[in-house]
Amino acid sequence: TVNYENIESFNGYIANRWGEIVYQWTSLDAGWNGRTNAGVDSPSGTYYYVVEAVGSDGEKYNHQGYFKLIR
């Protein structure tokens, strides 16, 4: 999930190590639970996240990084 204040628009996605998007969301109240958008468990491994948002002041935010999913 994403912690936020005063965000006007939001887009986030999770990609596997080959760059394939496995999960994407636009609701700030949503987050990734380790499953694909189709509801299938993602395998253990390294994943990348990208979070893009626009604040109520018009400022653009772009945060990205990686993490390991361990099952």
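Figure 1. Threonine 36 counts as partly exposed because its relative accessibility is 22%; buried means under 20% relative accessible area, exposed over 50%, and partly exposed in between, with a 1.4 Å probe and protein chains only. The model shown is predicted, so local features need pLDDT of at least 70 and side-chain atom pairs count only at pLDDT 80 or more, while totals for chains, interfaces and linings use all residues. Residues are numbered from 1 along each chain as its sequence is written, and side-chain values use heavy atoms, with hydrogens and water left out. Threonine 36 sits in the loop between E2 and E3; strands (E, at least two residues) and helices (H or I, at least four) are DSSP runs, numbered from the N terminus. Leaving aside neighbours within four places in sequence, threonine 36 is in contact (heavy atoms within 4.5 Å) with Val22, Tyr23 and Ser42. Isoleucine 14 is 22 residues away from threonine 36 along the chain, and their C-alpha atoms are separated by 9.1 Å.

**Figure 2. Serine 42, in the loop that also holds threonine 36.** Is serine 42 buried or exposed? Serine 42 is buried, because its relative accessible area is 3%. Setting aside neighbours within four places in sequence, its contacts are Trp32, Gly34, Arg35, Thr36, Tyr47, Leu69 and Arg71.

**Figure 3. The largest nonpolar core.** A nonpolar core is a set of buried Ala, Val, Leu, Ile, Met, Phe, Trp, Tyr and Cys residues joined through side-chain atoms within 4.5 Å. The largest one has 11 residues: Phe10, Ile14, Val22, Tyr23, Trp25, Leu28, Trp32, Tyr47, Val51, Ala53 and Leu69. Two or more of these residues come from each of strand E1 (7-15), strand E2 (21-25) and strand E3 (45-55). In soluble globular proteins, nonpolar side chains tend to be buried together. Tyrosine 23, one of the core residues, touches Gly12, Tyr13, Ile14, Gly31, Trp32, Arg35, Thr36 and Asn37, leaving aside neighbours within four places in sequence.

Figure 4. On a 1 Å grid over the protein atoms alone, a pocket is an open set of points where a 1.4 Å probe fits, with protein on both sides within 12 Å along at least five of seven lines; lining residues have an atom within 4 Å of a point. Rolling a probe the size of a water molecule over the atoms shows where empty space is left. The largest pocket holds about 280 Å³ of space, a volume being the space filled by probe spheres set on the grid points, which are joined across faces, edges and corners. Its lining has 17 residues, and those nearest the centre are Val2, Asn3, Phe10, Val51 and His63. At least two lining residues come from each of E1, E3 and strand E4 (60-69), and E3 gives the largest share, 4 residues. By type, the lining has 12 nonpolar, 3 polar and 2 charged residues; Ala, Val, Leu, Ile, Met, Phe, Trp, Tyr, Cys and Pro count as nonpolar, Asp, Glu, Lys and Arg as charged, and the others, Gly among them, as polar.

**Figure 5. Asparagine 6, in the segment before E1.** The phi angle of asparagine 6 is near 55°, a positive value in a residue other than glycine. Most residues other than glycine have a negative phi. With 55% relative accessibility, asparagine 6 counts as exposed.

**Figure 6. Isoleucine 7 in strand E1.** Isoleucine 7 counts as partly exposed because its relative accessibility is 21%. Beyond neighbours within four places in sequence, isoleucine 7 is in contact with Leu28, Ala53, Val54, Gly55 and Tyr61. Lysine 60 lies 53 residues from isoleucine 7 in sequence, and the two are 9.6 Å apart in space, C-alpha to C-alpha.

**Figure 7. Tyrosine 66 in strand E4.** Tyrosine 66 counts as exposed because its relative accessibility is 61%. Leaving aside neighbours within four places in sequence, tyrosine 66 is in contact with Thr46, Tyr47, Tyr48 and Tyr49. Isoleucine 14 is 52 residues from tyrosine 66 along the chain, with 9.2 Å between their C-alpha atoms.
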